[in-house]
Amino acid sequence: MSDIEKNGDRFTVDAHVLSETFDLSLEETKGKMRGGHIVSLCESGEGEDAGLWRLTFRYQGRALRLTVDADGNTLSRSTFPVGGPERDPDR
């Protein structure tokens, strides 16, 4: 599997990408996703950004944002601090 796969209007991001970004083991990452501690948002581009998607993952005050094309190819990647309710009480 490549890092990102697109199936219709849904994307699957390899858990290794998230575990590296958020400094978690693969098992921790999967558990945090299942438990709703890592939250995600998928936005489709409009106008001149049509055919692009922005995938954002948030965990413990940090975000990973991936901009991908219709084939799931990563066009840009950024991490940045964020605030929000997704703070994990287990960490």
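Asp-23 counts as exposed, at 62% relative accessibility (buried means under 20% relative accessible area, exposed over 50% and partly exposed in between, with a 1.4 Å probe and protein chains only). The model is predicted, with pLDDT of at least 70 needed for local features and 80 or more for side-chain atom pairs to count, whereas totals for chains, interfaces and linings use all residues. Residues are numbered from 1 along each chain as its sequence is written, and side-chain values use heavy atoms, with hydrogens and water left out.

Asp-23 lies in the loop between H1 and H2 (helices, H or I of at least four residues, and strands, E of at least two, are DSSP runs numbered from the N terminus). Although Asp-23 is not a glycine, its phi is positive, at about 55°. Most residues other than glycine have a negative phi.

The axes of helix H1 (residues 15–22) and helix H2 (residues 26–34) come within 9 Å and cross at roughly 100°. H1 and H2 are therefore roughly perpendicular to each other (65 to 115 degrees). In this pairing, Ala-15, His-16, Leu-18 and Ser-19 of H1 meet Leu-26, Thr-29, Lys-30 and Met-33 of H2, contact being heavy atoms within 4.5 Å. By class, the contact of H1 with H2 has 4 nonpolar, 3 polar and 1 charged residues.

A positive phi also occurs at Gln-60, a residue other than glycine, with a value near 45°. Gln-60 is found in the loop between strand S4 (53–59) and strand S5 (62–68). With a relative accessible area of 25%, Gln-60 is partly exposed.

Conventions. Axes are lines fitted to C-alpha atoms, for helices over the stretch in contact, and angles run from 0 to 180 degrees between N-to-C directions. Angles under 35 degrees count as roughly parallel, over 145 as roughly antiparallel, 65 to 115 as roughly perpendicular and the rest as oblique. Ala, Val, Leu, Ile, Met, Phe, Trp, Tyr, Cys and Pro count as nonpolar, Asp, Glu, Lys and Arg as charged, and the others, Gly among them, as polar.
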